[in-house]
Amino acid sequence: MTGTILVRGARVPQRDGTLSEPVDLHVVRGRIETITRTGAPDGAGPAVEPGVEPDTDVLDADGRVVLPGLVDAHTHAEAAVFEQDVQLAMLRQGITTVVAGQDGVSFAPSDRATYDWASTYFAAINGAHPTFGGGSVGDLLGTYHRTVPVNVAYLAPHGTLRYRVLGAAQRPASDAEVAAMVGLLERAMDDGACGLSTGLEYVPAAYADERELVALAKVVAARGLPHVSHMRGYEDKGVAALDELMRVARASDVATHVSHLHGPARELLEHVGGARAGGLDVTYDSYPYLRGCSILSMVALPTWLPLADASATIEALRDPATAVRLGEHFAGLTDLWPRITFASVPGMEWAEGRTLPDVAARLGRSAPDTVLEVLTVTELRASCVFAQPPTNSPESVRTLAGHEAHLAGSDAIYWGGSPHPRGWGAFARLLDEHVRRGSWSWWDAAEHLSARAARRFGLADRGRIAPGAVADLAFVDPGRVCDEATYEAPRTPAVGVEDVLVGGVPVLAAGQLTGATPGHGLRPAAAGSAARPLG
């Protein structure tokens with residue numbers, strides 16, 4: 001490709017909810033230079049067949065809708081993005097930028113011990129990075145520079161900071177330890193992190209108090225960037241968990257973004273709306289499914305176990321005294337067991353895609369004993385898909401997706417023999433369910449799936465189609481777009497997006513990867529400026 005592209009005959013979403021007449025987008029050196037009515041290079045007068053400069057490549061949109069490249073606000077792709085099937089899964093939905101470093105656990109900033117811990121604890125979520133073995137956020141962002149077809153932005157993960165300072169300690173941090181975490185976070189922000197993530201149902205963040213969270217939140221608040229949180233609970237615990245985040249926001253003046261919000265929409269949105277009306281900057285992401293996915297240890301085990309230390313946890317599970325306490329804990333999970341399906345079970349791959357009751361029957365064990373067997377065999381590296389309780393209804397999911405504070409995140413986890421299909425279908429499903437069925441205009445789709453996330457994470461030159469914007473562009477066939485991934489066949493790519501540009505470079509053409517790798521590790525913009533690629 002020459003670096004100059006004429007996109008011919010695209011339809012652009014308009015603020016009034018309509019689509020434009022076909023227009024031509026003139027892309028030069030990775031940015032949209034001009035937009036003219038198709039057939040009228042000067043933007044006025046009768047349509048004529050335009051000439052094309054000799055060094056210009058042409059992409060015929062043929063009346064398809066062009067959206068600003070979609071931004072996945074919550075994904076566990078920091079290692080998976082190097083896999084071609086994952087790249088195809090993203091691009092076939094129109095995703096051109098992902099936000100990684102979620103749930104407070106990821107690869108940087110880390111020394112070797114911290115990297116090894118994060119890689120082990122979240123092995124079934126984040127996988128193993130092929131080239132990074134510890135270092136700064138800047139070092140990690142550098143691994144994406146022109147090595148992958150999409151852009152990667154990264155949140156500084158609180159649990160990783162905490163482990164580096166406190167190790168696996170099951171207690172609140174001292175003032176000195178909080179100060180050490182603050183120093184690490186400030187350096188991570190200097191290196192290009194686009195916010196702070198906390199995972200308050202995971203360890204070691206589960207042991208943090210509000211004093212610690214406020215001190216860290218003040219660091220990102222000072223830079224105009226968000227605190228992104230997997231809350232301390234969802235569903236029936238969601239309102240109380242939101243209240244905690246709002247207390248942190250008031251004490252720190254931080255913008256707050258809630259990860260994968262789900263549960264009773266009316267109660268949750270009353271709290272979100274009340275916080276926004278009271279002057280707090282609150283947003284959230286959600287995905288259009290009634291099942292979640294996570295590591296089995298978080299789903300099934302209590303945090304009084306030393307979960308941040310896998311070997312110590314496995315040793316504890318063999319202790320008869322622990323068995324008594326676990327029996328009391330497991331007694332409260334009887335409604336959970338039938339809702340679990342195994343996603344990734346290293347060493348017991350035959351169990352992947354099977355329900356917990358099925359695996360238990362095949363092993364001739366009870367459900368709790370089967371969980372302990374799986375956790376022991378895998379050294380806590382197992383993951384599962386699980387149906388949410390009835391408070392997470394189809395109506396609730398649709399209601400959450402329609403709110404002005406909503407933006408989309410897949411929460412994609414790409415590992416295992418039977419992963420959740422959301423990484424392959426979430427954005428296509430949202431387009432199908434909300435645009436094709438009439439609850440969103442195409443302008444709304446661009447807002448929910450791209451523009452709001454670009455604004456939230458400081459990606460100021462993305463999320464819009466206008467002269468000067470980066471030419472991250474997805475071409476959508478409005479009559480075909482839908483997801484095809486299922487729980488039985490989760491790795492099935494979506495349909496309806498056949499061509500995608502990243503930085504003006506075709507990365508998907510006729511539904512296939514081109515092999516081009518123009519992606520960057522993205523740094524957030526300073527106020528009023530454009531987001532900067534690393535390198």
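In this predicted model, a polar atom of the side chain of Ser410 lies 3.0 Å from the backbone nitrogen of Ala412. Ser410 itself is found in the loop that runs between β17 (406-408) and α16 (422-436). With a relative accessible area of 1%, Ser410 is buried, because a residue counts as buried when this value is under 20%. When residues up to four places away in sequence are set aside, Ser410 touches Asp72, His74, Thr75, Tyr287, Arg422, Ala426 and Phe427.

The setting of this serine may be considered next at the level of the whole chain. The protein contains 17 helices and 23 strands, and its C-alpha atoms fill a box of roughly 85 × 50 × 45 Å when the box is taken along the principal axes. A compact globule of 535 residues would have a radius of gyration near 24 Å, and the value of 23 Å found for the protein agrees with this expectation. Among the contacts with a separation of 6 or more, 74% are accounted for by residues 24 or more positions apart.

As for burial and surface, buried residues make up 61% of the 535 residues in the protein, and Ser410 is one of the buried residues. The protein exposes about 19000 Å², of which carbon and sulfur atoms supply 50%. Its charged side chains comprise 45 positive and 63 negative ones, and the centres of these two sets lie 2 Å apart.

Note on methods: Residues are numbered from 1 along each chain as its sequence is written. This is a predicted model: local features need pLDDT of at least 70, side-chain atom pairs count only at pLDDT 80 or more; totals for chains, interfaces and linings use all residues. Side-chain values use heavy atoms; hydrogens and water are left out. Helices (H or I, at least four residues) and strands (E, at least two) are DSSP runs, numbered from the N terminus. The radius of gyration is taken over C-alpha atoms; the globule rule is 2.2 Å times the number of residues to the power 0.38. Buried means under 20% relative accessible area, exposed over 50%, partly exposed in between (1.4 Å probe, protein chains only). Contact means heavy atoms within 4.5 Å. Accessible areas come from the Shrake-Rupley method with a 1.4 Å probe; for residues, only the protein chains shown count as cover. Lys and Arg count as positive and Asp and Glu as negative; His and the chain ends are not counted. The place of a charge is taken as NZ of Lys, CZ of Arg, CG of Asp or CD of Glu. A polar contact is a pair of N or O atoms within 3.5 Å; within protein, one must be able to donate a hydrogen and the other to accept it, and residues adjacent in sequence count only if both atoms are side-chain atoms.
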